[in-house]
Amino acid sequence: MANGVLIAGIGINPLVTTLGVANIVLSLASTVSGGFPVSGFTLQFSQLFAQSSFLGLPVPVVVAAVVFAGLSVLMNLTSFGRSLYIIGANPKAAVVAGIRSGPVVAAAYCLCGMLVGLGALMLTARTGSGEPNLGGNLTLESIAAAVVGGVKLSGGEGGVGAAVLGALFVTVLSNGMNLTQVDGYLQQICLGAIIIIALVTSRGHSRH
């Protein structure tokens, strides 16, 4: 909500706002925890969100499928989703069309925060501890998945299915590098290179 208010309400640059708020929250989490992992979760917590199954499928897979279906319907079959596409593609056209971009963008950031919270909950259940810096590399991987999947960072293009395919590609690539014992820092270099290559490629297509 803080990101949405600062970006949609005040007009601060989205990237700067996101990084700034992320650093504030990370610092607060590190202060509260003293910089140490928080443990002592009940066994039921891990079993419910990480180890149990539903209809023969692991709970994380079920949750991912429900989120995918919900977001697909939201983006493709609702006025809110179509408004997001229009605002991302051409903010001025959205204003002419009578779309109030501020509330729509703020709601999108709130929804994003809720989904990140859900992912953090499941990641905590899988590891059995809460760490302030846990999942820090997921930021770069998420951007890489979106870009590889054809999502335009400036907005207006892309879809949920494409982002999922991009995430599968990045996951397979990361697992392959882990199996071949590629250095962790080198893996980050590879992901960064993939993002740059995908952006250059998408820019070339947009010119045509």
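Me: Helices here are DSSP runs of H or I, at least four residues long, numbered from the N terminus. In this predicted model, which residue with a positive phi follows α8?

Reply: Helix α8 spans residues 138–148. The residue that follows α8 has a phi near 90°. That residue is Gly 150.

Me: Which residues of helix α8 are buried?

Reply: A residue counts as buried when its relative accessible area is under 20%. Within residues 138–148, those that are buried are Glu 141, Ala 144, Ala 145, Ala 146 and Val 147.

Me: With which residues is Ile 195 in contact, leaving aside its neighbours within four places in sequence?

Reply: Ile 195 is itself a member of the largest nonpolar core. Once neighbours within four places in sequence are set aside, its contacts are Leu 140, Ile 143, Ala 144 and Val 147.

Me: How many residues does the second, separate core hold?

Reply: Among the members of this second core are Ile 87, Ala 94, Ile 99 and Val 105. The core is separate, and its size is 5 residues.

Me: Are α5 and α7 roughly parallel or roughly perpendicular?

Reply: The axes of helix α5 (residues 79–89) and helix α7 (residues 101–127) come within 10 Å and cross at roughly 105°. Angles of 65 to 115 degrees count as roughly perpendicular. The orientation of α5 to α7 is therefore roughly perpendicular.

Me: Is Ser 83 buried or exposed?

Reply: Ser 83 lies in helix α5. Leaving aside neighbours within four places in sequence, Ser 83 is in contact with Ile 99 and Val 104. Because its relative accessibility is 12%, Ser 83 counts as buried.

Me: How many disulfides does the structure hold?

Reply: A disulfide requires two cysteine sulfur atoms within 2.5 Å. The cysteine sulfur closest to that of Cys 110 belongs to Cys 112, and at 9.8 Å this is too far for a bond. Cys 110 is partly exposed at 27% relative accessibility, and Cys 112 is partly exposed at 42%. The number of disulfides is 0.

Terms used:
Residues numbered from 1 in each chain as written. Predicted model: local features only at pLDDT ≥ 70, side-chain atom pairs only at ≥ 80, totals over all residues. Heavy atoms only, no water. Buried < 20%, exposed > 50% of the residue type's maximum accessible area, 1.4 Å probe, protein only. Helix = DSSP H or I, 4+ residues; strand = E, 2+ residues; numbered from the N terminus. Axes fitted to C-alpha atoms, helices over the stretch in contact; angles between N-to-C directions. Parallel < 35°, antiparallel > 145°, perpendicular 65-115°, else oblique. Core = buried A, V, L, I, M, F, W, Y, C linked by side-chain atoms within 4.5 Å. Contact = heavy atoms within 4.5 Å.
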